[in-house]
Amino acid sequence: MPDPVSSQSVDQRAASVISARGLDLTFQTADGPVQALRDVNLEIGKGEFVSFIGPSGCGKTTFLRVIAALEHPTGGQITVNGMTPDEARKSRAYGYVFQAAGLYPWRTIEKNIKLPLEIMGFDAAEQDRRVKNVLQLVDLEGFGKKFPWQLSGGMQQRASIARALAFDADILLMDEPFGALDEIVRDHLNEQLLQLWARTEKTIGFVTHSIPEAVYLSTKIVVMSPRPGRITDVIESDLPRERPLDIRDTPEFLAIAHRVREGLRAGHAYDD
Amino acid sequence: MSDATVPAMFGPKSAARWVGAVSGAVLPVMAVVAAIVAIWYGGSVMMNRAWTLDQIERRGLEMTAMEIVADAMNQERPVLPTPHQVFAELWDTTVVEPVMRERRGTLQGNPRNLLFHAYHTLWPTILGFGVGTFLGILLAVGIVHSRAMDMSVMPWAIASQTIPILAIAPIIVVVVSNLPALNNAVDQGWISEDTKLLVPKALISSYLSFFPVVVGMVAGLRSPQVSDLDLMRTYSASRGQTFWKLRLPASVPFLFTSLKVSIAAALVGTIVAELPTGARFGLGARLLTGSYYGQTIQIWSALFMAAICAAALVILLGALEKIVLKRMGVRP
């Protein structure tokens, strides 16, 4: 098994936005302790697009939640923007996108995007300005006054991304955001997400269980395996940043996809 | 908006729609009503016939079977009044009788009018419902936010509903009507004697109506999913912000469901409260005097009036619910 840390260059670590060292997390459940994360070491640099891939139970979502301070590690260290995750959250370091769009049904799209802005105390004029801005960013102009149920699943997920972008966090954490959508919509959203990433220069952490999705989107792919949740491989992608959808048929793309698959197999992820 | 949202009110399609509505909803409803009326008439004849037969024997009358049936349907004090008797009574005591009458030089409510009694029952019902709803929401908020309250209040709330209201209503009436503060207020002329009678009624009504609100609101305030709450956490939202922006709006559909149960319970509470108070006015008082004097028709018409009141209140709440939920963007 390659050491994930040694495969990183030193200057990248210096600029790292998220840094995990020997991270452990054990849940106490009724059936006894469950080790969700064991000895996770990872550096994520500014502006990187990092995908976490692995079968269910591998801890990819848990790791994302640790970054977001929604779970707290039982061992090891993690810093986000050089702070603890809790401090980072209070300084609005990240926007989080859940698997379900999670728009509040009693609020219009506009009001949903305003939700974090209201909580964080932006004034009304600034709220309007930002809503207009992010609606444009996710290509939803003109839908601000609609209620969530009036939008398709893909549009709802875009609105949810707009909500996460509204308060200008540097980091975007996405937990299988397109997992519930069909393949065609998903391709389209993947393309749009890459464009959005290029324009906003955010650091993105992206959980997925789709190999093509991970390879297509990422500059770095973190392969994880279950029981206990751990990192088995970290793959630096050398694909160009400009990625048309048909890049997925090139040998370079297939080579990376192959390595991801190998990594998953090495972690016995196909056992069950 | 678009043309598609304008309903087709005219044209050949609307006629077909009407036929569809009649055969789809109205016909079954009418059939059920007809069946109930038929069973009711059958029951009346069977239960009242004994008295008619008894009269025939005592007075040595000769009656055909049809005459016996007709008599059983039109007795003055039947065991079970027939529908037309009840509705004739309802008509007489709401439309024919004046609502107000002159007495001792002033215009006062007419106790022969059923609407007058309905008013005396509805007023404390709405008051008690308001107090009960407010208390219920307050308790639910406490229960959801404090583990101590969750453990301590809920069992008491449940226990309070297992006590038969008929048993404690007289106690509440006696205690409340002897409250020094209340008697003082009457003596000082702040409230009238009639208003004083309203207090125990409203209290018992709120006692019955707070419970559905507590149960519904606790469920409603806890209805947001884990991911909805997680979203709030990612914004570092305070408990207050989570309450106002997530828990409370999410609980609104639950609130309306429990309000409909609660207002019916409030009405029952008021009527029960009227029984031991010796109240002269109110639907409960009407039921009581009816049973004292064997006026079964009066009892039944009072019962119908109570049912009409309950239905009207529930329909009113339903309309309010529709308006509120529509403004909250619920899919029509």
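What covers the buried residues of H9(B)? The model is predicted, and in it the cover includes elements from two chains: H3 and strand S5 (94-97) of chain A, together with helix H10 (239-274) of chain B.

Look at the helix itself. H9 of chain B spans residues 226-234. Its buried residues are B:Leu231, B:Met232 and B:Thr234. These residues lie on the same side of H9(B) because they cover an arc of only 160° around the axis. Just after H9(B) comes B:Ser236, with a positive phi of about 55°.

Now step back to the contact between the chains. Here 17 residues of chain A are in contact with 15 residues of chain B. On the chain A side, helix H3 (85-90) and helix H4 (109-120) are the elements that give two or more residues. H4(A) supplies the largest share, four residues. By class, this side of chain A has 13 nonpolar residues, two polar and two charged.

Next, chain A on its own. Chain A is divided into domain 1 (12-93 + 169-266) and domain 2 (101-168). Taken over C-alpha atoms, the centres of these domains of chain A are separated by 25 Å. Where they touch, eleven residues of domain 1 are in contact with nine residues of domain 2. Helix H7 (residues 183-200) of chain A gives the most to the domain 1 side, with four residues. That side of domain 1 divides into nine nonpolar residues, one polar and one charged.

Notes
Residues numbered from 1 in each chain as written. Chains lettered and ligands numbered in written order. Predicted model: local features only at pLDDT ≥ 70, side-chain atom pairs only at ≥ 80, totals over all residues. Contact = placed C-beta atoms within 7 Å. Nonpolar A, V, L, I, M, F, W, Y, C, P; charged D, E, K, R; others polar. Buried ≥ 20, exposed ≤ 12 C-beta atoms within 10 Å, placed from the backbone. Arc of directions from axis to C-beta. Domains from an automatic or database assignment.
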